[in-house]
There are 2 protein chains.
Amino acid sequence: MSFSKVFENGFAHDLLPSTDDQHEGVIVDNLEFTAPMGPEVFGARLRASISEWKRKGKKGVWIKFPLGLVNLVESAIKEGFVYHHAEPSYLMMTYWIPESPCTLPANASHRVRIGAIVFNDKGELLVVQEKSGILRGTGLWKIPTGMVDEDEDIEAAAIREVKEETGIDTEFKEILLFRQSHKAFFDKSELFFLCILRPLSFDVQKQELEIEAAQWLSLEEFAAQPYAQHNDLGECITNLCLARANHDYSQFIPVVAPTRSISDRGLQYVYLNAKTLLSGQSF
Amino acid sequence: MSFSKVFENGFAHDLLPSTDDQHEGVIVDNLEFTAPMGPEVFGARLRASISEWKRKGKKGVWIKFPLGLVNLVESAIKEGFVYHHAEPSYLMMTYWIPESPCTLPANASHRVRIGAIVFNDKGELLVVQEKSGILRGTGLWKIPTGMVDEDEDIEAAAIREVKEETGIDTEFKEILLFRQSHKAFFDKSELFFLCILRPLSFDVQKQELEIEAAQWLSLEEFAAQPYAQHNDLGECITNLCLARANHDYSQFIPVVAPTRSISDRGLQYVYLNAKTLLSGQSF
(Lines give C-alpha, C1' and ligand atoms only; values in the text may rest on other atoms or scores of the structure.)
Protein backbone atom coordinates (compact mmCIF):
# COMPACT_ATOMS: atom_id res chain seq x y z
CA MET A 1 0.00 0.00 0.00
CA SER A 2 1.54 3.32 -0.99
CA PHE A 3 0.75 6.67 0.66
CA SER A 4 2.45 9.72 -0.80
CA LYS A 5 1.87 13.20 -2.11
CA VAL A 6 2.40 14.82 -5.49
CA PHE A 7 2.09 18.46 -6.50
CA GLU A 8 -0.49 19.58 -9.04
CA ASN A 9 -0.81 23.29 -9.86
CA GLY A 10 1.39 24.07 -6.88
CA PHE A 11 -0.83 22.20 -4.35
CA ALA A 12 0.11 18.99 -2.61
CA HIS A 13 -2.43 16.22 -3.04
CA ASP A 14 -2.44 12.99 -1.08
CA LEU A 15 -2.46 10.08 -3.47
CA LEU A 16 -5.21 7.49 -3.13
CA PRO A 17 -4.07 4.36 -1.24
CA SER A 18 -3.46 1.62 -3.79
CA THR A 19 -1.93 -1.82 -4.16
CA ASP A 20 -0.28 -3.25 -7.28
CA ASP A 21 -1.87 -6.19 -9.11
CA GLN A 22 -0.13 -8.96 -11.10
CA HIS A 23 -0.87 -7.30 -14.44
CA GLU A 24 0.96 -3.96 -14.06
CA GLY A 25 -2.20 -2.35 -12.72
CA VAL A 26 -3.30 -0.82 -9.41
CA ILE A 27 -6.29 -1.46 -7.14
CA VAL A 28 -7.93 1.12 -4.84
CA ASP A 29 -10.19 -0.93 -2.61
CA ASN A 30 -9.96 0.68 0.81
CA LEU A 31 -11.72 3.99 0.16
CA GLU A 32 -14.06 3.43 3.12
CA PHE A 33 -11.04 3.40 5.47
CA THR A 34 -9.55 6.70 4.25
CA ALA A 35 -10.55 9.98 5.86
CA PRO A 36 -13.97 11.15 4.56
CA MET A 37 -13.69 13.47 1.56
CA GLY A 38 -16.09 15.27 -0.73
CA PRO A 39 -16.35 14.77 -4.50
CA GLU A 40 -13.98 17.68 -5.29
CA VAL A 41 -11.17 16.56 -2.98
CA PHE A 42 -11.59 13.01 -4.26
CA GLY A 43 -11.43 14.25 -7.87
CA ALA A 44 -8.18 16.15 -7.19
CA ARG A 45 -6.59 13.17 -5.43
CA LEU A 46 -7.70 10.90 -8.26
CA ARG A 47 -6.14 13.18 -10.91
CA ALA A 48 -2.87 13.34 -8.94
CA SER A 49 -2.90 9.57 -8.51
CA ILE A 50 -3.48 8.91 -12.22
CA SER A 51 -0.47 11.15 -13.05
CA GLU A 52 1.68 9.21 -10.64
CA TRP A 53 0.48 5.79 -11.87
CA LYS A 54 1.09 6.92 -15.46
CA ARG A 55 4.64 8.00 -14.55
CA LYS A 56 5.23 4.53 -13.09
CA GLY A 57 4.01 2.83 -16.28
CA LYS A 58 0.88 1.38 -14.69
CA LYS A 59 -1.89 0.18 -17.00
CA GLY A 60 -5.30 -0.69 -15.55
CA VAL A 61 -6.81 1.07 -12.52
CA TRP A 62 -9.54 -0.54 -10.40
CA ILE A 63 -11.50 1.49 -7.83
CA LYS A 64 -14.08 -0.10 -5.52
CA PHE A 65 -16.84 2.22 -4.27
CA PRO A 66 -18.89 0.90 -1.32
CA LEU A 67 -22.61 1.76 -1.45
CA GLY A 68 -22.04 4.57 1.07
CA LEU A 69 -19.51 6.37 -1.16
CA VAL A 70 -21.79 6.75 -4.17
CA ASN A 71 -21.25 10.52 -3.92
CA LEU A 72 -17.69 10.04 -5.29
CA VAL A 73 -18.69 8.03 -8.37
CA GLU A 74 -19.54 11.04 -10.53
CA SER A 75 -16.00 12.43 -10.01
CA ALA A 76 -14.54 9.18 -11.29
CA ILE A 77 -16.77 9.29 -14.36
CA LYS A 78 -15.51 12.84 -15.05
CA GLU A 79 -11.94 11.46 -15.06
CA GLY A 80 -12.88 8.85 -17.64
CA PHE A 81 -13.67 5.84 -15.45
CA VAL A 82 -16.40 3.41 -16.52
CA TYR A 83 -18.39 0.80 -14.58
CA HIS A 84 -16.85 -2.66 -14.51
CA HIS A 85 -19.16 -4.65 -12.27
CA ALA A 86 -21.34 -4.25 -9.19
CA GLU A 87 -22.51 -6.38 -6.30
CA PRO A 88 -25.28 -5.37 -3.85
CA SER A 89 -22.89 -3.48 -1.58
CA TYR A 90 -20.32 -2.02 -3.97
CA LEU A 91 -19.54 -0.70 -7.44
CA MET A 92 -16.23 -1.45 -9.20
CA MET A 93 -14.97 1.08 -11.76
CA THR A 94 -11.98 0.88 -14.11
CA TYR A 95 -9.70 3.18 -16.09
CA TRP A 96 -7.12 2.18 -18.72
CA ILE A 97 -4.04 4.41 -18.75
CA PRO A 98 -1.97 3.39 -21.86
CA GLU A 99 -2.64 4.34 -25.48
CA SER A 100 -2.70 0.61 -26.38
CA PRO A 101 -6.00 -1.31 -26.45
CA CYS A 102 -7.49 -2.13 -23.04
CA THR A 103 -6.77 -5.71 -21.93
CA LEU A 104 -8.62 -5.59 -18.60
CA PRO A 105 -10.66 -8.75 -18.11
CA ALA A 106 -14.39 -8.37 -18.66
CA ASN A 107 -17.07 -8.67 -16.01
CA ALA A 108 -18.50 -12.09 -15.16
CA SER A 109 -20.16 -13.18 -18.38
CA HIS A 110 -22.25 -16.21 -17.55
CA ARG A 111 -24.80 -17.49 -15.18
CA VAL A 112 -24.91 -21.21 -14.51
CA ARG A 113 -28.09 -23.21 -13.93
CA ILE A 114 -28.80 -26.82 -13.13
CA GLY A 115 -31.64 -29.17 -13.95
CA ALA A 116 -32.05 -32.24 -11.73
CA ILE A 117 -33.17 -35.67 -12.92
CA VAL A 118 -34.23 -37.78 -9.93
CA PHE A 119 -35.82 -41.22 -10.39
CA ASN A 120 -37.33 -43.26 -7.55
CA ASP A 121 -37.25 -47.06 -7.32
CA LYS A 122 -40.45 -47.32 -9.41
CA GLY A 123 -38.74 -45.46 -12.27
CA GLU A 124 -40.84 -42.35 -11.66
CA LEU A 125 -39.35 -38.89 -12.28
CA LEU A 126 -39.42 -36.10 -9.66
CA VAL A 127 -41.29 -33.14 -11.22
CA VAL A 128 -42.61 -29.70 -10.21
CA GLN A 129 -44.88 -26.91 -11.42
CA GLU A 130 -43.61 -23.37 -10.82
CA LYS A 131 -45.61 -20.41 -9.49
CA SER A 132 -43.94 -17.86 -11.78
CA GLY A 133 -42.11 -17.66 -15.08
CA ILE A 134 -43.19 -18.64 -18.58
CA LEU A 135 -44.74 -21.97 -17.54
CA ARG A 136 -46.89 -20.42 -14.81
CA GLY A 137 -50.48 -21.63 -14.94
CA THR A 138 -49.89 -24.06 -17.81
CA GLY A 139 -50.16 -27.17 -15.61
CA LEU A 140 -47.01 -28.57 -17.24
CA TRP A 141 -44.57 -30.66 -15.22
CA LYS A 142 -40.85 -29.96 -15.37
CA ILE A 143 -37.77 -31.18 -13.56
CA PRO A 144 -36.45 -29.03 -10.66
CA THR A 145 -34.12 -26.33 -11.95
CA GLY A 146 -32.27 -23.43 -10.39
CA MET A 147 -29.29 -21.12 -10.34
CA VAL A 148 -25.83 -22.18 -9.26
CA ASP A 149 -24.71 -19.54 -6.76
CA GLU A 150 -21.40 -17.77 -6.90
CA ASP A 151 -18.91 -19.90 -4.95
CA GLU A 152 -21.18 -22.97 -5.12
CA ASP A 153 -20.30 -26.30 -6.75
CA ILE A 154 -22.61 -27.54 -9.50
CA GLU A 155 -23.38 -30.75 -7.61
CA ALA A 156 -24.12 -28.87 -4.37
CA ALA A 157 -26.51 -26.57 -6.27
CA ALA A 158 -28.37 -29.56 -7.74
CA ILE A 159 -28.78 -31.18 -4.30
CA ARG A 160 -29.87 -27.85 -2.76
CA GLU A 161 -32.46 -27.02 -5.44
CA VAL A 162 -34.08 -30.46 -5.28
CA LYS A 163 -34.28 -30.19 -1.48
CA GLU A 164 -35.67 -26.63 -1.59
CA GLU A 165 -38.32 -27.31 -4.23
CA THR A 166 -39.45 -30.82 -3.25
CA GLY A 167 -38.05 -31.66 0.20
CA ILE A 168 -36.30 -34.72 -1.26
CA ASP A 169 -32.78 -35.53 -0.05
CA THR A 170 -30.45 -36.71 -2.80
CA GLU A 171 -26.89 -37.62 -3.59
CA PHE A 172 -25.21 -36.40 -6.75
CA LYS A 173 -24.42 -38.97 -9.44
CA GLU A 174 -23.40 -37.40 -12.78
CA ILE A 175 -23.70 -34.54 -15.21
CA LEU A 176 -25.52 -35.87 -18.26
CA LEU A 177 -25.00 -32.92 -20.59
CA PHE A 178 -24.73 -29.17 -20.62
CA ARG A 179 -26.24 -26.53 -22.85
CA GLN A 180 -24.94 -23.09 -23.73
CA SER A 181 -27.27 -20.25 -24.64
CA HIS A 182 -27.00 -16.49 -24.97
CA LYS A 183 -28.99 -13.41 -23.90
CA ALA A 184 -30.36 -15.63 -21.16
CA PHE A 185 -30.39 -12.93 -18.49
CA PHE A 186 -30.07 -9.37 -19.76
CA ASP A 187 -26.98 -9.69 -22.02
CA LYS A 188 -25.45 -12.55 -20.05
CA SER A 189 -24.90 -16.04 -21.42
CA GLU A 190 -25.90 -19.22 -19.65
CA LEU A 191 -24.54 -22.71 -19.15
CA PHE A 192 -27.20 -25.20 -18.10
CA PHE A 193 -26.02 -28.50 -16.58
CA LEU A 194 -28.42 -31.45 -16.58
CA CYS A 195 -27.57 -33.63 -13.57
CA ILE A 196 -28.63 -37.06 -12.34
CA LEU A 197 -29.19 -37.49 -8.61
CA ARG A 198 -30.21 -40.51 -6.54
CA PRO A 199 -33.00 -39.93 -4.00
CA LEU A 200 -32.27 -40.65 -0.34
CA SER A 201 -35.86 -39.87 0.74
CA PHE A 202 -39.18 -40.16 -1.08
CA ASP A 203 -41.82 -38.07 0.71
CA VAL A 204 -42.43 -34.97 -1.43
CA GLN A 205 -42.86 -31.69 0.53
CA LYS A 206 -43.23 -28.83 -1.92
CA GLN A 207 -41.85 -25.38 -1.20
CA GLU A 208 -44.66 -22.82 -0.76
CA LEU A 209 -42.98 -19.69 -2.11
CA GLU A 210 -42.12 -20.65 -5.67
CA ILE A 211 -43.56 -24.12 -6.30
CA GLU A 212 -47.21 -24.74 -7.25
CA ALA A 213 -47.02 -28.55 -7.11
CA ALA A 214 -44.45 -31.35 -6.85
CA GLN A 215 -44.76 -35.13 -7.27
CA TRP A 216 -43.33 -38.32 -8.75
CA LEU A 217 -44.45 -38.87 -12.36
CA SER A 218 -43.92 -41.78 -14.75
CA LEU A 219 -41.47 -41.10 -17.57
CA GLU A 220 -44.23 -41.98 -20.05
CA GLU A 221 -46.56 -39.29 -18.64
CA PHE A 222 -43.70 -36.79 -18.51
CA ALA A 223 -42.73 -37.47 -22.13
CA ALA A 224 -46.36 -37.32 -23.30
CA GLN A 225 -46.77 -33.68 -22.24
CA PRO A 226 -47.12 -31.37 -25.24
CA TYR A 227 -44.37 -29.11 -23.91
CA ALA A 228 -41.92 -31.96 -23.38
CA GLN A 229 -42.48 -33.14 -26.94
CA HIS A 230 -41.78 -29.72 -28.42
CA ASN A 231 -38.96 -28.61 -26.21
CA ASP A 232 -35.30 -29.46 -26.68
CA LEU A 233 -34.67 -30.28 -23.06
CA GLY A 234 -37.77 -32.38 -22.49
CA GLU A 235 -36.82 -34.49 -25.49
CA CYS A 236 -33.19 -34.73 -24.41
CA ILE A 237 -34.17 -35.85 -20.94
CA THR A 238 -36.38 -38.62 -22.28
CA ASN A 239 -33.81 -39.84 -24.80
CA LEU A 240 -30.90 -39.68 -22.39
CA CYS A 241 -32.84 -41.54 -19.71
CA LEU A 242 -33.56 -44.29 -22.22
CA ALA A 243 -29.94 -44.36 -23.41
CA ARG A 244 -28.77 -44.52 -19.83
CA ALA A 245 -31.08 -47.43 -19.10
CA ASN A 246 -29.30 -49.26 -21.91
CA HIS A 247 -25.89 -48.45 -20.37
CA ASP A 248 -24.54 -46.94 -23.58
CA TYR A 249 -24.00 -43.42 -22.27
CA SER A 250 -20.91 -42.26 -20.37
CA GLN A 251 -21.48 -39.26 -18.17
CA PHE A 252 -19.14 -36.65 -16.76
CA ILE A 253 -18.50 -37.04 -13.05
CA PRO A 254 -16.51 -34.76 -10.76
CA VAL A 255 -13.17 -35.75 -9.32
CA VAL A 256 -11.13 -33.59 -7.01
CA ALA A 257 -8.17 -32.29 -8.98
CA PRO A 258 -4.66 -32.69 -7.58
CA THR A 259 -4.21 -29.93 -5.02
CA ARG A 260 -0.66 -29.13 -6.04
CA SER A 261 -1.86 -26.24 -8.17
CA ILE A 262 0.29 -23.14 -7.64
CA SER A 263 -2.82 -21.04 -7.16
CA ASP A 264 -4.43 -21.26 -3.75
CA ARG A 265 -8.13 -21.38 -4.47
CA GLY A 266 -8.94 -24.42 -2.40
CA LEU A 267 -10.24 -27.64 -3.90
CA GLN A 268 -10.92 -27.62 -7.60
CA TYR A 269 -13.16 -30.11 -9.32
CA VAL A 270 -12.42 -31.48 -12.74
CA TYR A 271 -15.23 -33.14 -14.69
CA LEU A 272 -14.14 -36.13 -16.71
CA ASN A 273 -15.82 -38.78 -18.72
CA ALA A 274 -16.72 -41.60 -16.34
CA LYS A 275 -15.35 -44.41 -18.51
CA THR A 276 -11.88 -42.92 -18.51
CA LEU A 277 -11.79 -43.05 -14.75
CA LEU A 278 -13.23 -46.53 -14.59
CA SER A 279 -10.65 -47.73 -17.09
CA GLY A 280 -7.99 -46.98 -14.49
CA GLN A 281 -6.45 -43.77 -15.82
CA SER A 282 -4.84 -41.89 -12.98
CA PHE A 283 -5.80 -38.26 -12.45
CA MET B 1 -45.30 1.16 -20.61
CA SER B 2 -47.44 3.03 -18.07
CA PHE B 3 -47.46 6.80 -17.53
CA SER B 4 -49.61 8.13 -14.74
CA LYS B 5 -49.69 10.36 -11.69
CA VAL B 6 -50.29 9.73 -8.02
CA PHE B 7 -50.68 12.19 -5.17
CA GLU B 8 -48.22 12.30 -2.27
CA ASN B 9 -48.53 14.97 0.40
CA GLY B 10 -51.02 16.77 -1.80
CA PHE B 11 -48.68 17.05 -4.81
CA ALA B 12 -49.08 15.20 -8.06
CA HIS B 13 -46.01 13.18 -9.02
CA ASP B 14 -45.48 11.64 -12.41
CA LEU B 15 -44.74 7.96 -12.00
CA LEU B 16 -41.56 6.60 -13.53
CA PRO B 17 -42.15 4.85 -16.87
CA SER B 18 -42.04 1.10 -16.29
CA THR B 19 -42.80 -2.21 -17.93
CA ASP B 20 -43.95 -5.40 -16.20
CA ASP B 21 -41.72 -8.48 -16.19
CA GLN B 22 -42.75 -12.17 -16.12
CA HIS B 23 -42.15 -12.48 -12.38
CA GLU B 24 -44.65 -9.91 -11.01
CA GLY B 25 -41.96 -7.24 -11.05
CA VAL B 26 -41.37 -3.98 -12.92
CA ILE B 27 -38.46 -2.65 -14.98
CA VAL B 28 -37.52 1.03 -15.40
CA ASP B 29 -35.03 1.03 -18.25
CA ASN B 30 -35.78 4.16 -20.24
CA LEU B 31 -34.69 6.87 -17.81
CA GLU B 32 -32.47 8.50 -20.45
CA PHE B 33 -35.55 9.13 -22.60
CA THR B 34 -37.60 10.84 -19.89
CA ALA B 35 -37.38 14.60 -19.38
CA PRO B 36 -34.21 15.53 -17.44
CA MET B 37 -34.77 15.73 -13.68
CA GLY B 38 -32.64 16.42 -10.62
CA PRO B 39 -32.05 13.99 -7.74
CA GLU B 40 -34.90 15.47 -5.64
CA VAL B 41 -37.56 15.25 -8.35
CA PHE B 42 -36.37 11.75 -9.18
CA GLY B 43 -36.56 10.76 -5.50
CA ALA B 44 -40.14 12.03 -5.24
CA ARG B 45 -41.20 10.22 -8.43
CA LEU B 46 -39.48 7.06 -7.23
CA ARG B 47 -41.32 7.16 -3.86
CA ALA B 48 -44.64 7.71 -5.63
CA SER B 49 -43.90 4.88 -8.04
CA ILE B 50 -42.97 2.44 -5.26
CA SER B 51 -46.31 3.21 -3.52
CA GLU B 52 -48.18 2.52 -6.73
CA TRP B 53 -46.24 -0.71 -7.48
CA LYS B 54 -46.86 -1.86 -3.91
CA ARG B 55 -50.60 -1.18 -4.31
CA LYS B 56 -50.58 -3.34 -7.45
CA GLY B 57 -48.85 -6.22 -5.62
CA LYS B 58 -45.59 -5.89 -7.54
CA LYS B 59 -42.51 -7.56 -6.09
CA GLY B 60 -39.08 -6.82 -7.61
CA VAL B 61 -38.15 -3.43 -9.07
CA TRP B 62 -35.28 -3.02 -11.57
CA ILE B 63 -33.92 0.43 -12.48
CA LYS B 64 -31.22 0.90 -15.11
CA PHE B 65 -29.05 4.02 -14.74
CA PRO B 66 -26.96 4.95 -17.80
CA LEU B 67 -23.48 6.33 -17.01
CA GLY B 68 -24.78 9.88 -17.63
CA LEU B 69 -27.48 9.61 -14.93
CA VAL B 70 -25.14 8.73 -12.06
CA ASN B 71 -26.44 11.84 -10.25
CA LEU B 72 -29.74 9.99 -9.58
CA VAL B 73 -28.18 6.88 -8.06
CA GLU B 74 -27.83 8.31 -4.55
CA SER B 75 -31.59 9.04 -4.44
CA ALA B 76 -32.29 5.40 -5.23
CA ILE B 77 -29.94 4.25 -2.46
CA LYS B 78 -31.84 6.51 -0.03
CA GLU B 79 -35.06 4.69 -0.98
CA GLY B 80 -33.45 1.33 -0.19
CA PHE B 81 -32.21 0.25 -3.61
CA VAL B 82 -28.99 -1.77 -3.87
CA TYR B 83 -26.64 -2.44 -6.79
CA HIS B 84 -27.46 -5.53 -8.83
CA HIS B 85 -24.92 -5.46 -11.66
CA ALA B 86 -23.06 -3.02 -13.88
CA GLU B 87 -21.66 -2.96 -17.39
CA PRO B 88 -19.29 -0.25 -18.71
CA SER B 89 -22.16 2.04 -19.72
CA TYR B 90 -24.82 1.43 -17.08
CA LEU B 91 -25.63 0.45 -13.52
CA MET B 92 -28.62 -1.78 -12.65
CA MET B 93 -30.22 -1.36 -9.21
CA THR B 94 -32.94 -3.40 -7.53
CA TYR B 95 -35.51 -3.09 -4.77
CA TRP B 96 -37.67 -5.84 -3.26
CA ILE B 97 -41.13 -4.66 -2.19
CA PRO B 98 -42.75 -7.62 -0.28
CA GLU B 99 -42.07 -8.70 3.30
CA SER B 100 -41.22 -12.20 2.01
CA PRO B 101 -37.59 -13.14 1.21
CA CYS B 102 -36.20 -11.64 -1.99
CA THR B 103 -36.27 -14.09 -4.91
CA LEU B 104 -34.68 -11.81 -7.53
CA PRO B 105 -32.06 -13.70 -9.55
CA ALA B 106 -28.47 -12.93 -8.63
CA ASN B 107 -25.95 -11.22 -10.85
CA ALA B 108 -23.92 -13.25 -13.34
CA SER B 109 -21.87 -15.54 -11.12
CA HIS B 110 -19.26 -17.13 -13.36
CA ARG B 111 -16.66 -16.37 -15.90
CA VAL B 112 -15.84 -19.01 -18.47
CA ARG B 113 -12.36 -19.67 -19.84
CA ILE B 114 -10.98 -22.05 -22.43
CA GLY B 115 -7.68 -23.83 -22.86
CA ALA B 116 -6.80 -25.02 -26.37
CA ILE B 117 -4.93 -28.24 -27.17
CA VAL B 118 -3.66 -28.11 -30.75
CA PHE B 119 -1.39 -30.85 -32.14
CA ASN B 120 0.33 -30.65 -35.53
CA ASP B 121 1.01 -33.64 -37.80
CA LYS B 122 4.30 -34.34 -36.00
CA GLY B 123 2.44 -34.73 -32.69
CA GLU B 124 3.83 -31.43 -31.37
CA LEU B 125 1.73 -29.25 -29.06
CA LEU B 126 1.07 -25.54 -29.73
CA VAL B 127 2.39 -23.61 -26.70
CA VAL B 128 2.92 -20.00 -25.61
CA GLN B 129 4.65 -17.93 -22.92
CA GLU B 130 2.67 -14.99 -21.57
CA LYS B 131 3.94 -11.45 -20.96
CA SER B 132 1.93 -10.94 -17.76
CA GLY B 133 0.29 -12.96 -14.99
CA ILE B 134 1.76 -15.44 -12.53
CA LEU B 135 3.89 -17.27 -15.13
CA ARG B 136 5.53 -14.07 -16.45
CA GLY B 137 9.28 -14.42 -16.79
CA THR B 138 9.34 -18.09 -15.73
CA GLY B 139 10.10 -19.36 -19.24
CA LEU B 140 7.41 -22.03 -18.84
CA TRP B 141 5.33 -23.10 -21.82
CA LYS B 142 1.55 -23.36 -21.54
CA ILE B 143 -1.32 -24.00 -23.90
CA PRO B 144 -3.20 -20.95 -25.25
CA THR B 145 -5.96 -19.91 -22.83
CA GLY B 146 -8.46 -17.09 -22.68
CA MET B 147 -11.83 -15.76 -21.64
CA VAL B 148 -15.08 -16.75 -23.33
CA ASP B 149 -16.85 -13.47 -24.04
CA GLU B 150 -20.44 -12.78 -23.15
CA ASP B 151 -22.54 -13.94 -26.10
CA GLU B 152 -19.71 -16.09 -27.49
CA ASP B 153 -19.77 -19.87 -28.00
CA ILE B 154 -17.11 -21.90 -26.22
CA GLU B 155 -15.82 -23.33 -29.50
CA ALA B 156 -15.67 -19.89 -31.13
CA ALA B 157 -13.69 -18.56 -28.17
CA ALA B 158 -11.17 -21.41 -28.46
CA ILE B 159 -10.66 -20.77 -32.19
CA ARG B 160 -10.36 -17.00 -31.59
CA GLU B 161 -7.84 -17.26 -28.76
CA VAL B 162 -5.56 -19.65 -30.68
CA LYS B 163 -5.64 -17.31 -33.68
CA GLU B 164 -5.01 -14.20 -31.56
CA GLU B 165 -2.12 -15.64 -29.57
CA THR B 166 -0.35 -17.73 -32.22
CA GLY B 167 -1.76 -16.83 -35.66
CA ILE B 168 -2.76 -20.47 -36.21
CA ASP B 169 -6.14 -21.18 -37.86
CA THR B 170 -8.00 -24.11 -36.35
CA GLU B 171 -11.25 -26.02 -36.41
CA PHE B 172 -12.95 -27.09 -33.20
CA LYS B 173 -13.04 -30.79 -32.40
CA GLU B 174 -14.14 -31.54 -28.83
CA ILE B 175 -14.28 -30.49 -25.20
CA LEU B 176 -12.05 -32.86 -23.27
CA LEU B 177 -12.99 -31.83 -19.75
CA PHE B 178 -14.02 -28.86 -17.69
CA ARG B 179 -12.94 -27.61 -14.30
CA GLN B 180 -14.86 -25.56 -11.77
CA SER B 181 -13.09 -23.28 -9.32
CA HIS B 182 -14.12 -20.44 -7.01
CA LYS B 183 -12.86 -16.95 -6.10
CA ALA B 184 -11.22 -17.01 -9.51
CA PHE B 185 -11.92 -13.35 -10.28
CA PHE B 186 -12.88 -11.21 -7.30
CA ASP B 187 -15.69 -13.31 -5.78
CA LYS B 188 -16.72 -14.89 -9.08
CA SER B 189 -16.48 -18.59 -9.86
CA GLU B 190 -14.96 -19.99 -13.02
CA LEU B 191 -15.61 -22.83 -15.42
CA PHE B 192 -12.57 -23.75 -17.50
CA PHE B 193 -13.15 -25.84 -20.63
CA LEU B 194 -10.22 -27.75 -22.08
CA CYS B 195 -10.79 -28.06 -25.84
CA ILE B 196 -9.12 -29.98 -28.67
CA LEU B 197 -8.73 -28.18 -32.00
CA ARG B 198 -7.23 -29.29 -35.32
CA PRO B 199 -4.77 -26.88 -36.95
CA LEU B 200 -5.56 -25.61 -40.45
CA SER B 201 -2.28 -23.65 -40.71
CA PHE B 202 1.14 -24.22 -39.13
CA ASP B 203 3.17 -21.00 -39.34
CA VAL B 204 3.27 -19.53 -35.82
CA GLN B 205 2.93 -15.72 -35.64
CA LYS B 206 2.84 -14.63 -32.03
CA GLN B 207 0.77 -11.70 -30.83
CA GLU B 208 2.99 -8.83 -29.64
CA LEU B 209 0.79 -7.35 -26.92
CA GLU B 210 0.34 -10.25 -24.51
CA ILE B 211 2.50 -13.14 -25.77
CA GLU B 212 6.25 -13.42 -25.09
CA ALA B 213 6.82 -16.45 -27.31
CA ALA B 214 4.86 -19.15 -29.19
CA GLN B 215 5.94 -22.37 -30.89
CA TRP B 216 5.28 -26.08 -31.47
CA LEU B 217 6.70 -28.26 -28.68
CA SER B 218 6.90 -32.04 -28.29
CA LEU B 219 4.52 -33.52 -25.70
CA GLU B 220 7.55 -35.03 -23.95
CA GLU B 221 9.21 -31.62 -23.53
CA PHE B 222 5.90 -30.08 -22.44
CA ALA B 223 5.31 -32.79 -19.84
CA ALA B 224 8.92 -32.58 -18.58
CA GLN B 225 8.52 -28.95 -17.47
CA PRO B 226 8.58 -28.63 -13.66
CA TYR B 227 5.34 -26.63 -13.70
CA ALA B 228 3.50 -29.16 -15.84
CA GLN B 229 4.47 -31.93 -13.45
CA HIS B 230 3.20 -30.10 -10.41
CA ASN B 231 0.06 -28.55 -11.84
CA ASP B 232 -3.31 -30.23 -12.11
CA LEU B 233 -3.99 -29.07 -15.64
CA GLY B 234 -0.57 -29.86 -17.08
CA GLU B 235 -0.90 -33.38 -15.74
CA CYS B 236 -4.47 -33.73 -17.00
CA ILE B 237 -3.48 -32.56 -20.47
CA THR B 238 -0.69 -35.10 -20.72
CA ASN B 239 -2.79 -37.98 -19.41
CA LEU B 240 -5.82 -37.15 -21.52
CA CYS B 241 -3.71 -36.81 -24.64
CA LEU B 242 -2.32 -40.25 -23.99
CA ALA B 243 -5.76 -41.69 -23.23
CA ARG B 244 -7.09 -40.13 -26.39
CA ALA B 245 -4.30 -41.64 -28.46
CA ASN B 246 -5.51 -45.01 -27.18
CA HIS B 247 -9.10 -44.21 -28.29
CA ASP B 248 -10.55 -44.98 -24.86
CA TYR B 249 -11.84 -41.50 -24.10
CA SER B 250 -15.17 -40.12 -25.27
CA GLN B 251 -15.36 -36.36 -25.44
CA PHE B 252 -18.26 -33.94 -25.35
CA ILE B 253 -19.00 -32.40 -28.71
CA PRO B 254 -21.55 -29.69 -29.50
CA VAL B 255 -24.73 -30.37 -31.45
CA VAL B 256 -27.29 -27.77 -32.31
CA ALA B 257 -30.30 -28.39 -30.14
CA PRO B 258 -33.75 -28.66 -31.73
CA THR B 259 -34.89 -25.10 -32.38
CA ARG B 260 -38.46 -25.73 -31.30
CA SER B 261 -37.73 -24.31 -27.87
CA ILE B 262 -40.51 -21.98 -26.71
CA SER B 263 -37.93 -19.36 -25.79
CA ASP B 264 -36.57 -17.32 -28.66
CA ARG B 265 -32.88 -17.05 -27.93
CA GLY B 266 -31.60 -18.23 -31.27
CA LEU B 267 -29.58 -21.41 -31.72
CA GLN B 268 -28.69 -23.28 -28.57
CA TYR B 269 -25.87 -25.78 -28.38
CA VAL B 270 -26.12 -28.93 -26.32
CA TYR B 271 -22.91 -30.77 -25.40
CA LEU B 272 -23.26 -34.52 -25.40
CA ASN B 273 -20.97 -37.44 -25.04
CA ALA B 274 -19.69 -38.28 -28.51
CA LYS B 275 -20.36 -42.01 -28.28
CA THR B 276 -24.05 -41.49 -27.67
CA LEU B 277 -24.33 -39.56 -30.89
CA LEU B 278 -22.27 -42.05 -32.85
CA SER B 279 -24.42 -44.87 -31.54
CA GLY B 280 -27.34 -43.39 -33.44
CA GLN B 281 -29.45 -41.80 -30.69
CA SER B 282 -31.55 -39.01 -32.13
CA PHE B 283 -31.38 -35.60 -30.49
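**Aromatic pairs and a chain B sheet**

Biologist: How many aromatic pairs turn up over all chains?

Modeller: Searching the whole structure gives 11 aromatic pairs over all chains. Rings of Phe, Tyr and Trp (its six-membered ring) pair if their centres lie within 6.5 Å; planes under 30 degrees apart are stacked, over 60 edge-to-face, and the rest tilted. Mind that this is a predicted model, where local features need pLDDT of at least 70, side-chain atom pairs count only at pLDDT 80 or more, and totals for chains, interfaces and linings use all residues. Residues are numbered from 1 along each chain as its sequence is written, chains are lettered from A and ligands numbered from 1 in the order in which they are written, and side-chain values use heavy atoms, leaving out hydrogens and water.

Biologist: OK, what geometry do A:Phe178 and B:Phe178 have?

Modeller: Edge-to-face, with 5.5 Å centre to centre and 65° between the planes. The pair crosses between chains, from strand E11 (residues 170-185) of chain A to strand E11 (residues 170-185) of chain B. Strands are DSSP runs (E, at least two residues) and helices are too (H or I, at least four), numbered from the N terminus.

Biologist: Is A:Phe178 buried or exposed?

Modeller: A:Phe178 is buried, because its relative accessible area is 0%. Buried means under 20% relative accessible area, exposed over 50%, and partly exposed in between (1.4 Å probe, protein chains only). B:Phe178 also counts as buried, at 0%.

Biologist: And which kind of pair do A:Phe193 and B:Phe178 make?

Modeller: A tilted one: 5.3 Å centre to centre, 40° between the planes. A:Phe193 lies in strand E12 (residues 188-199) of chain A and B:Phe178 in E11 of chain B, so this pair joins two chains. A:Phe178, A:Phe193, B:Phe178 and B:Phe193 form one aromatic cluster.

Biologist: Switching topic, what lies over the face of A:Tyr90?

Modeller: A:Lys64, at 4.4 Å from the ring centre. The cut-off is NZ of Lys or CZ of Arg within 6 Å of the ring centre and within 35 degrees of the ring normal.

Biologist: Now the sheet in chain B. What's the strand order?

Modeller: E3-E4-E5-E7-E6, an open sheet of 5 strands with mixed pairing. Two strands pair if DSSP finds at least two bridges between them. The edge strands are E3 (19-20) and E6 (82-87) of chain B.

Biologist: How many bridges join E5 to E7 there?

Modeller: In chain B, 7 bridges join E5 (residues 60-66) to E7 (residues 90-96), and the two run antiparallel. B:Ile63 stands opposite B:Met93 in E7(B).
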